[in-house]
Amino acid sequence: MKKFIILTLIAIILTGCNGFPKGTIIQPEGKVIVNGEKYTMMPNDFEWKEDNVEIKDISSSDIYKLADDFKTLEVEKSDILKFEIEKNPSSITITKLNEDGTIENVEMKDYEITMPFKEGYYIYELKVIWDKGKETFVFDVDVK
């Protein structure tokens, strides 16, 4: 029994010395800001590699399901929306899904975009890249 306890303790000590990452890896959050109010966007397809740890959370949720799970924001034509994305991304690409099913690229400047001049329902998808990973965020708006 003593040999078993000693071997177990040695295994625990060696495992502790060998390479669990320092700290905890936390999935970055993305927020959209409308009139000073912050709303957490729906995350999707998260991948991260740090130290010896690799995380992949590739979900099968489609963009419509994610938008359904988000509380649709009511905005005015040409309102400015701001974004707050954790961990300082190196790249953000934004696309807009129109009611008729067409997709458009959206220009972002200084973490801000302008809402369409046309009333309607729109779904936005942000593809965010960091040095250590990537993630997609989704939110929807109803432009009045």
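The structure here is a predicted model. Threonine 102 sits in the loop between E7 and E8.

The side chain of threonine 102 makes a polar contact with the side chain of aspartate 100, at 2.6 Å. Beyond its neighbours within four places in sequence, threonine 102 touches Lys96 and Leu97.

## The chain as a whole

The chain has 144 residues, and 34% of them count as buried. Its secondary structure consists of 2 helices and 11 strands. Read from the N terminus, the order of elements is α-β-β-β-β-α-β-β-β-β-β-β-β.

Among contacts with a separation of 6 or more, 65% are between residues 24 or more positions apart.

Strand E7 covers residues 91-97, and threonine 95 belongs to it. Threonine 95 has a relative accessible area of 17%, so it counts as buried; the cut-off is under 20%. Setting aside neighbours within four places in sequence, threonine 95 is in contact with Ile103, Glu104, Asn105, Val106, Ile123, Tyr124 and Glu125.

Lysine 96 is also in strand E7. Lysine 96 is buried, with a relative accessible area of 9%.

## Strand E10 and its partners

Strand E10 runs over residues 120-130. Of its 11 residues, 8 are buried, so E10 is largely enclosed by the rest of the structure. E7 pairs with E10 in the antiparallel sense, over 7 bridges. Within that pairing, leucine 97 has isoleucine 123 of E10 as its bridge partner.

E10 also pairs with strand E11, residues 133-143. These two strands run antiparallel and are joined by 11 bridges. A hairpin of 2 residues links E10 to E11. Lysine 127 stands opposite threonine 136 in E11. Isoleucine 123 has aspartate 140 of E11 as a bridge partner.

## Strand E11 and its other pairings

E11 has 11 residues, and 9 of them are buried, so this strand is largely enclosed by the rest of the structure. Strand E3, residues 42-50, pairs with E11 over 5 bridges in the antiparallel sense. Here methionine 42 has valine 138 of E11 as its bridge partner.

Strand E5, residues 73-75, pairs with E11 in the parallel sense. That pairing has 3 bridges. Glutamate 74 stands opposite aspartate 142 in E11.

## The largest pocket

The largest pocket holds about 150 Å³ of space. Strands E8 (103-106) and E9 (112-114) are the elements that give two or more residues to its lining. E8 gives the most, with 3 residues.

The lining is made of Lys96, Glu104, Asn105, Val106, Glu107, Ile113, Thr114, Met115, Pro116, Phe117 and Tyr124. By type, these residues divide into 6 nonpolar, 2 polar and 3 charged.

## Two loop residues with positive phi

Most residues other than glycine have a negative phi. Lysine 87 has a positive phi of about 70°, although it is not a glycine. Lysine 87 lies in the loop between strand E6 (80-85) and E7. At 39% relative accessibility, lysine 87 is partly exposed.

Aspartate 110 has a positive phi too, of about 55°, and is not a glycine either. Aspartate 110 is in the loop between E8 and E9. With 66% relative accessibility, aspartate 110 counts as exposed, because the cut-off for exposed is over 50%.

Conventions: Residues are numbered from 1 along each chain as its sequence is written. This is a predicted model: local features need pLDDT of at least 70, side-chain atom pairs count only at pLDDT 80 or more; totals for chains, interfaces and linings use all residues. Side-chain values use heavy atoms; hydrogens and water are left out. Helices (H or I, at least four residues) and strands (E, at least two) are DSSP runs, numbered from the N terminus. Buried means under 20% relative accessible area, exposed over 50%, partly exposed in between (1.4 Å probe, protein chains only). Contact means heavy atoms within 4.5 Å. On a 1 Å grid over the protein atoms alone, a cavity is a set of points where a 1.4 Å probe fits but cannot get out, and a pocket is an open set with protein on both sides within 12 Å along at least five of seven lines; lining residues have an atom within 4 Å of a point. Grid points are joined across faces, edges and corners, and a volume is the space filled by probe spheres set on the points. Ala, Val, Leu, Ile, Met, Phe, Trp, Tyr, Cys and Pro count as nonpolar, Asp, Glu, Lys and Arg as charged, and the others, Gly among them, as polar. A polar contact is a pair of N or O atoms within 3.5 Å; within protein, one must be able to donate a hydrogen and the other to accept it, and residues adjacent in sequence count only if both atoms are side-chain atoms. Two strands pair if DSSP finds at least two bridges between them.
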